[in-house]
Amino acid sequence: MNKKIFRAANIQEALANIKEEMGGDAMILSTRKIPRKPLDPYAKDMFEVEAGVAVAPATGGDNTSKGDVAYKKKGDEDLIASLKGDISEIRDMISIAGFGSGIQNILCSHFESVGVLASFLRAGVSERLAISLIERSMERLDPDLEQSQRIRILKKNVMAHCLDRLEVKDFFVRNNYSGVPHVAAFVGPTGVGKTTTIAKLAALLSLKRKMKVGLISIDNYRIGAFEQLKAYASIMGLLCVPAFSAQDLACALERMKTMDVVLIDTAGHSHYDKKKLDEILQLIKSDFGISVHLTLSVTAESINMKEAASAFSVFNPDTYVFTKIDETKRCGKILDQVNELNLPVSMVTNGQKVPEDLIVPDKQALLRIILGKGSKGEA
Ligand SMILES: Nc1nc2c(ncn2[C@@H]2O[C@H](COP(=O)(O)OP(=O)(O)O)[C@@H](O)[C@H]2O)c(=O)[nH]1
Ligand SMILES: [Mg+2]
C-alpha cells in the first residue's frame, strides 16, 4: 500500500487533497488533530490525515499482503475495536465535511465533539442548534481530563441539555376531567395526518382508557372529509357529527356533554390561506374552552414546518403532535421546532395503521426518536 500524510486547516481540505493526489480509491488510515502552538497568536489547529491506496499485487503470487497476514495472525480484538473506532470517526468526519464554517470552527476548537456533532447533524438537527448544544455542554468540561472521558461527559451533558429543552405531556389522561368533557381540536396544514391521528387517539381513549369519546368534524371544505372521520367513528361505535357554524358546534357539543372527551377535526388548509385559517379560528376560539393541538408532519422541510407553525400559532396551541416519523430518518427538526413555540409534545405518529401507529412518548423516548434511535413507544 502506498501511504502518505496530508495536513490541512480542516477536514474538507484534507479530504479534497487526498482525492486529488491519490484518487477516489484512497483509504483513510488514521486522523489526528494537531493543536496550534500555544505561544503563536496567529497559529491555528491543523488536521493530519494519513491516507493509503492499495498497490495491485504481482500476478501469480500470493494475493495476501503482509498487512493482511499481520491482521490475521494478531486476530486481536483490540485492533478490531480500534479500527471500528477509526472507521466511525472517519464516517463522522465525512458526514460533516459538507457543513458550514460554524461546524468547522467548533471542530477546530473541540475536536472531541465530532461524534456527537455528526449524530445530531445526521438526524437533521440544525447546525445552529447542534453548535449551541455542543458549546453549552463544553462549558464546564475539565480540559485536563483524558480524551475518552471528555467525550463521555460531553455526550452526557448534551443529552441532558436536550432533555431540558423537551417537554412532553399526555394531554388526555382520565383524571383531568371533572364533569365537563375535555374538548380538543387538531389544527395543522393539509395532509399532515390530523384525521388519521384523531381516529388513532379516539381508539386509544375509548378502547384502552375506557373513556366516552365523541367526534366532531368542522372540515367542511374537502369532499369526503366528514365521511373519512365518520367511517372510523362507525367502526369504533362512536358518535360523530359535522359542524359548519358556531351554532352547529354549540349544538354538537351540547349533544356530547356527557362525554369525557370530544375531539374536533378541522379543515386542512394551506397555512398561507389566512382567511380560511381565520374562519376555523373564529369557530374553535369561541367560548367553548377548546384545547388546540398543532399537528405537523416531520416529512416537511424544516423551513416549511417553521412557517406553518408560525401561521398556526394564532390558535395559541397547547401541544405539538408530530406525524409521519416512519417516513424519515431525520426527525431532528423536532428539537428545533419545539423551541420555536415552546410547547410540549403530546403525541407522535409512526405509520398509517389505525389505531396502532400512535406514540405517547416520555422525554427519553422522544429524544430517541429525534436522534433516530427508535420509533417505538408506548401508547
Ligand atoms: N406514513 C405515515 N402516513 C400517515 C401518518 N399519519 C397519517 N398518514 C397518512 O397521511 C395521509 C393524510 O392523512 P389525513 O389524516 O387525511 O391528513 P389531514 O388532511 O391532516 O386530515 C393519509 O394517507 C394517511 O394515511 C403517519 O404517521 N405515517
Ligand atoms: Mg382531514
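Q: Which residues have the most contacts inside the largest nonpolar core, and how many residues does that core have?
A: A nonpolar core is a set of buried Ala, Val, Leu, Ile, Met, Phe, Trp, Tyr and Cys residues joined through C-beta atoms within 7 Å. Buried means that 20 or more other C-beta atoms lie within 10 Å of the residue's own; 12 or fewer is exposed, in between is partly exposed, and C-beta atoms are placed from the backbone. Here the largest core has 101 residues, and L117, A202, L263 and I264 have the most contacts inside it. In soluble globular proteins, nonpolar side chains tend to be buried together.

Q: What should I know about the model and its numbering?
A: It's a predicted model: local features need pLDDT of at least 70, side-chain atom pairs count only at pLDDT 80 or more, and totals for chains, interfaces and linings use all residues. Residues are numbered from 1 along each chain as its sequence is written, while chains are lettered from A and ligands numbered from 1 in the order in which they are written.

Q: Which residues does A202 touch?
A: Two residues are in contact if their C-beta atoms, placed from the backbone, lie within 7 Å. Not counting residues up to four places away in sequence, A202 touches V213, L215, Y232, M236, L238 and L263.

Q: How do I read the crossing of α5 and α6?
A: Helices (H or I, at least four residues) and strands (E, at least two) are DSSP runs, numbered from the N terminus. Axes are lines fitted to C-alpha atoms, for helices over the stretch in contact, and angles run from 0 to 180 degrees between N-to-C directions. The axes of α5 (residues 114–122) and α6 (residues 127–138) come within 10 Å and cross at roughly 150°. So α5 is roughly antiparallel to α6; angles over 145 degrees count that way, under 35 as roughly parallel, 65 to 115 as roughly perpendicular and the rest as oblique. V116, L117, F120 and L121 of α5 make the contact with E127, A130 and I134 of α6.

Q: At what angle do α4 and α6 pack?
A: Helix α4 (residues 101–109) packs on α6 at an angle of about 20°, with the axes 10 Å apart. Therefore α4 is roughly parallel to α6. This crossing is left-handed, and G102, I103 and I106 in α4 meet E127, I131 and I134 in α6.

Q: Is G188 buried or exposed?
A: Count the C-beta atoms around it. G188 has 27 others within 10 Å, so G188 is buried. G188 is found in the loop between β4 (182–187) and α8 (194–208). Its C-alpha atom is separated by 9.3 Å from that of A311, 123 residues apart along the chain. Leaving aside neighbours within four places in sequence, G188 is in contact with K194, L294, T295, L296 and F312.

Q: What about phi in K210 and K324?
A: K210 has a positive phi of about 55° although it isn't a glycine, and K324 has a positive phi near 65°. K210, in the loop between α8 and β5 (213–218), counts as exposed because it has 9 C-beta neighbours inside 10 Å. K324, in the loop between β9 (319–323) and α13, is buried, with 22 other C-beta atoms within 10 Å.

Q: Where is the cis peptide bond that joins V354 to its partner?
A: Check omega: the cis bond joins V354 and P355, with omega about 5°. P355 lies in the loop between β10 (345–349) and β11 (358–359).

Methods:
A crossing is left-handed if the near helix is turned anticlockwise from the far one by less than a right angle, and right-handed if clockwise.
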